[in-house]
Amino acid sequence: MAFSKVKFSFIVTILLLSSTTLLAHPGSGWGGPSGSGSFGLFPEFYQFSCPQANDIVMSVLRKAIAKDSRMAASLLRLHFHDCFVQGCDASLLLEDSAKIVSEKNSVPNKNSLRGFEMVDEMKASLEDACPQTVSCADILALAARASTVLSGGPNWELPLGRRDSKTASLSGSNNNIPPPNSTIQNLITFFKRQGLNEVDLVALSGGHTIGVARCVTFKQRLYNQNGNNQPDQTLEKNYFLDLKSACPGSGGDNNISPLDLASPAKFDNYDFKLLLWRKGLLTSDEVLYTGKVGKTIHLVKRYAEDEGRFFEHFAKSMVKMGNISPLTGFHGEVRKNCRLVN
Ligand code: HEM
Ligand SMILES: *[C@@H]1O[C@H](CO)[C@@H](O)[C@H](O)[C@H]1NC(C)=O
């Protein structure tokens, strides 16, 4: 009977270990006193404290998309612009106040980001269901995944437990979000600074399979790409002519064009196929294929040929981006209103 005794004590040990784990990680958002260093995020974070969190986010977004399919794209982008500035801590959502200089007024964000009202709506529903439990940073992460799934893209297991910052960084937003006219070397450097590699860069740029960009973000390519009053020679001719009529040399800065003209509201790999056909809207996307630095060109070809591989890498890289310096444990707070510190 020695065997079953060993087996019994083994099971007891497992039970003890798992209950200790649960006690150390109650969904109310407690963590080890040393915060982010003691443990990371985990998918079951709201299992007991707000099991319906994801359903709430999905249902708010589903309704919003029915009215405006672009909303998925706008929310996916918010998570990116949050994570690249002092980590995924909802610093992006804070408004100007006595102590806060809002990131919403940075060069990449101003007159560009949208979806903040949708985040408010998600937060309000979550506060009704589970008061002061689900952080705004986790709402952005959940909304980014929901946007991907509801647009036809991949699903993934999403680590949760981020807490919200009490600070924002306007300069961080201006300095850490890559501009649309970035060279391939710039892009690699910006991503490396966040702990993201070339696979992450190319896979995550695939987020441009949905949504639109304003004329001002690609005008340089049409009229004066290299300071010699010539267009970007890598642009396919007919696409170039279409873009010129959508985006005139003067004025029209806020005219919008789809990032993926083949399927602007569907999450698929057409944006990579378009890069091979030299029909990428932004310089920062086209240089992944034409830039001749590192292995990004091979990744673009690969994702254009194999949507499954793109989906798999996108999901993995979204988890990686979502893990950029989260606040956990006793750091930060769970905001009651995503626009204000408590
Ligand atoms: C690689 C560097 C990146 C650059 C240079 C970049 C640049 C841009 C620009 C200029 C726009 C249009 C903004 C406007 O017209 O005001 C845009 C839109 C968008 N970006 Fe990016 N982006 C990058 C990476 C990403 C990543 C990593 C994601 C998400 C995974 C993402 C998701 C989106 C989405 C979904 C839109 C459309 C938003 C909408 O329609 O409201 N981007 N991006
Ligand atoms: C990108 O655009 C900015 C602002 O218009 C400009 O100052 C910068 O020189 C451009 N960079 C490149 C590489 O063209």
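Reader: How many helices and strands does the protein chain have?
Author: The protein chain has 14 helices and two strands. Keep in mind that this is a predicted model.

Reader: OK. And what percentage of the residues is buried?
Author: Buried residues account for 40% of the 342 residues in the chain.

Reader: What about contacts between residues at least 6 apart in sequence? How many join residues at least 24 apart?
Author: In this chain, 77% of them do.

Reader: Let's switch to ligand 1. Which residues come nearest?
Author: There are 24 residues around ligand 1. Ser-112, Gly-207, Gly-211, Ala-213 and Arg-214 come nearest.

Reader: Which elements give two or more residues to that shell?
Author: They are α3 (70-83), α8 (198-205) and β1 (212-214).

Reader: Which one gives the largest share?
Author: That is α3, with six residues of the shell.

Reader: How do the shell residues divide into nonpolar, polar and charged?
Author: Eleven are nonpolar, nine are polar and four are charged.

Reader: And where does ligand 1 lie relative to domain 1 and domain 2?
Author: Ligand 1 lies between them, because both domain 1 (53-175) and domain 2 (178-320) give residues to its shell.

Reader: Which residues make the contact?
Author: From α2 come Ala-53, Ile-56, Val-57, Val-60 and Ala-64. From α4 come Met-118, Glu-121, Met-122, Ser-125, Leu-126 and Ala-129.

Reader: And by class, what does the contact of α2 with α4 have?
Author: It has nine nonpolar residues, one polar and one charged.

Reader: Is the crossing left-handed or right-handed?
Author: α2 passes α4 in a right-handed crossing.

Reader: Last one, Phe-190. Which helix is it found in?
Author: Phe-190 sits in helix α7, residues 184-193.

Reader: Why is Phe-190 partly exposed?
Author: Phe-190 has 19 other C-beta atoms within 10 Å, so it counts as partly exposed. A buried residue needs 20 or more, and an exposed one has 12 or fewer.

Reader: What does Phe-190 touch, leaving out residues up to four places away in sequence?
Author: Phe-190 touches Asn-176 and Pro-178.

Reader: And how far apart are Phe-190 and Ile-177?
Author: They are 13 residues apart in sequence. In space, the C-alpha to C-alpha distance is 7.4 Å.

Terms used: Residues are numbered from 1 along each chain as its sequence is written. Chains are lettered from A and ligands numbered from 1 in the order in which they are written. This is a predicted model: local features need pLDDT of at least 70, side-chain atom pairs count only at pLDDT 80 or more; totals for chains, interfaces and linings use all residues. A residue is near a molecule or strand if its C-beta atom, placed from the backbone, lies within 6 Å of it. Helices (H or I, at least four residues) and strands (E, at least two) are DSSP runs, numbered from the N terminus. Ala, Val, Leu, Ile, Met, Phe, Trp, Tyr, Cys and Pro count as nonpolar, Asp, Glu, Lys and Arg as charged, and the others, Gly among them, as polar. Domain bounds come from an automatic or database domain assignment. A crossing is left-handed if the near helix is turned anticlockwise from the far one by less than a right angle, and right-handed if clockwise. Two residues are in contact if their C-beta atoms, placed from the backbone, lie within 7 Å.
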